[in-house]
Amino acid sequence: MTAIVVNAADTIAHRIAATIDPLFALIDTWRDTLEAHLAEVAEPNAADLDPVISALVRPALDDSSGLITGAGFVAAPGFLPDAPWHLAWWLSGTNTFRAAADGGVRRLEAESDPDAEQFRDYTTLEWWRTPARTGTRHLTGPYVDYLCTDDYTVTITTPVTVDGEMAGVVGTDAYVARIEQELLPVLRESGHPCTLVNASARIVASTDSRHATGALLRLDGLPAVLAPLHEHQGQAAAGVLPGGRFVVPCGDTTLALVFGTA
C-alpha cells in the first residue's frame, strides 16, 4: 500500500512540475536574451531598453490562455542612469488591476520618484530580496500583490547579471486562482488529500477546504523537509511526516506536494 501511495504522489508531483516548468524556462530565456543584449551596450538606458523588454514579454502576455498576468524587468537602483528606479513591467489583458478600456496589454504605471508618497522601494520585497541574496531564481507567494495585481499572486523572478553585477530581475506574475484552475484537477485525481506548498510552507492549492490559499501549512517536521528549498540548497528530499503524510518535491519548481494517506 505504501509503495502505491508513494508512486501516486510522485506522479502528481511530476505533473505539477510539468505545469510550472514552462514558466521557468521562459523566464530563463528572457534572462539570457537580456544579458546578451546588455553585454553589448556601453551605456544602457531605459529609453532603449524598454522596447527590448516589451518585445520579449509581449507574446506571452498576448496569450489569454496562459498563466502569465504580468511580466517584465525591474532594474537595480542606479543601473540605468536615466531611470535610477525603474520597472519595465507589462500587464496582460486578463489582469484586472487598473484594467485598460480595451482590455489589452498595457504598461504598469509605477511611481519612480523616491520622494513621492506613492513610491515603493521594491528592493525590500521578497521577489527582489531573495534572488539578490541567492543569485538564483525564486518563487514568491501566494501573496496579495498590491503593486501589480491587487489579488493573490505568485511571482517568479530571476537575476539578470552584467559583468558579474546584478542589473535587475526579470520575471512574471500569475494569479493563484488561475494556477488553482490548472492544478486542482490534478491534485484531486489521486483520491487522497493533497496540498501544494511553496518553500516556506505557504499553501498554493489544496484539496482540503480547511487549508486556505496563502496560509501557512503548520505540520510537525514540514519546515525541516522544506529547508533545502527555502535556503536554495537544491531540491528537498522526499520525506514522511508524523501522522504518515508524504512530502514530495515537484521537480525544480521549489514547490512541494504534501500528500495525505487518508
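## A tour of the pocket and the cores

Select Glu126, Trp127, Thr140, Gly141 and Tyr143: of the 22 residues that line the largest pocket, these lie nearest its centre. A pocket here is an open set of points on a 1 Å grid over the protein atoms alone, where a 1.4 Å probe fits, with protein on both sides within 12 Å along at least five of seven lines; lining residues have an atom within 4 Å of a point. This is a predicted model, in which local features need pLDDT of at least 70 and side-chain atom pairs count only at pLDDT 80 or more, while totals for chains, interfaces and linings use all residues. Residues are numbered from 1 along each chain, and side-chain values use heavy atoms, without hydrogens and water.

Next, select β4 (138–144) and α3 (126–134), each of which supplies at least two lining residues. Strand β4 gives seven, the largest share (strands are DSSP runs of E, at least two residues; helices are runs of H or I, at least four).

Now colour domain 1 (18–177) and domain 2 (184–259); both contribute to the lining, so the pocket lies between them. The domain bounds come from an automatic or database assignment.

Move to the largest nonpolar core, which has 52 residues, Trp30 and Leu257 being among those with the most contacts inside it. Such a core joins buried (under 20% relative accessible area, 1.4 Å probe, protein chains only) Ala, Val, Leu, Ile, Met, Phe, Trp, Tyr and Cys residues through side-chain atoms within 4.5 Å. Helix α1 (residues 2–39) supplies 11 of them, the largest share.

Last, select Trp85, Phe119, Trp127 and Val169, which belong to a second, separate core of 15 residues.

Conventions
Buried means under 20% relative accessible area, exposed over 50%, partly exposed in between (1.4 Å probe, protein chains only).
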